[in-house]
Amino acid sequence: MQQNEADGGLAPVLDGAERDLWQQFVTGGWVLYRALFNQIDSSAALSSADWRVLEVLAVAEGLRISDLAEATQIPVSTVSRQVVRFIEKGYVARLENVDYDARQKWVTITDAGREMVQPILDERDRAVRRLVIDSLSPEEFDTLCRTFGKIGERIAREGL
């Protein structure tokens, strides 16, 4: 067996049962992703990348472009272009009086941005309920969400 990364060696490869479970996860994950975004995007006035940016801004009081890119997992250059478009449409506004480094661009969602994204988020919520929550017991849903939270925290902690 190979050494663990903590010991300076390589992590062990998956055994057959782990690989089978992982394949179920990957296949189910991609099927879920496609079904969710097909349902949402079919009725949305924005692309999934666009509504994701507005969704993140809707729960923040203001973010730097770089923080918005990190939160959405979208490249900074793409988020920057999205923000410029959103400012032109009135969905996002620059925050001018932020007591931070003036070189940083801070933005916030506007009321028009909230009005644009809310129906999309409502549709997303209906899709999540139908495709995920209704398929699981409350305990399974809780475990699924906590597990992904734990995985996300570890990846963030490791800077990957």
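Predicted model: local features only at pLDDT ≥ 70, side-chain atom pairs only at ≥ 80, totals over all residues.
User: Which residues make the contact?

Analyst: From helix 2 you have R52, V53, V56 and L57, and from helix 3 there are L68, A71 and T72. By class, the residues of this contact between helix 2 and helix 3 are 5 nonpolar, 1 polar and 1 charged.

User: Nice. What about helix 1 and helix 5, how far apart are their axes?

Analyst: The axes of helix 1 (residues 16-43) and helix 5 (residues 111-131) are 9 Å apart, and the two helices pack at an angle of about 145°. The crossing of helix 1 past helix 5 is right-handed.

User: Which residues meet there?

Analyst: Helix 1 brings L32, A35, L36, Q39, I40 and S43. On the helix 5 side they meet I120, E123, R124, A127, V128, R130 and L131.

User: How many of those in the contact of helix 1 with helix 5 are charged?

Analyst: There are 3 charged residues, along with 8 nonpolar and 2 polar ones.

User: Switching to the strands. Which side chains of strand 3 sit on which side, and are they buried or exposed?

Analyst: In strand 3 (residues 106-109), W106 and T108 are on one side, with V107 and I109 on the other. Those four are all buried, so both faces of strand 3 are covered. As background, side chains in a regular strand alternate between the two faces of the sheet.

User: What does strand 1 do with strand 3, parallel or antiparallel?

Analyst: Strand 1 (residues 63-64) pairs with strand 3 in the antiparallel sense, over 2 bridges. R64 has W106 of strand 3 as its bridge partner.

User: And strand 2, how many bridges does it have with strand 3?

Analyst: Strand 2 (residues 92-94) and strand 3 pair over 3 bridges, again in the antiparallel sense. There, A93 stands opposite T108 in strand 3.

User: Last one: where is Q73, and what is its phi?

Analyst: Q73 lies in the loop between helix 3 and helix 4 (76-89). Its phi is near 60°, a positive value in a residue other than glycine.

User: Is Q73 buried or exposed?

Analyst: Q73 is exposed, because its relative accessible area is 69% and the cut-off for exposed is over 50%.

Definitions and conventions:
Residues numbered from 1 in each chain as written. Heavy atoms only, no water. Contact = heavy atoms within 4.5 Å. Nonpolar A, V, L, I, M, F, W, Y, C, P; charged D, E, K, R; others polar. Axes fitted to C-alpha atoms, helices over the stretch in contact; angles between N-to-C directions. Left-handed = near helix turned anticlockwise from the far one by under 90°. Buried < 20%, exposed > 50% of the residue type's maximum accessible area, 1.4 Å probe, protein only. Pairing = 2+ DSSP bridges.
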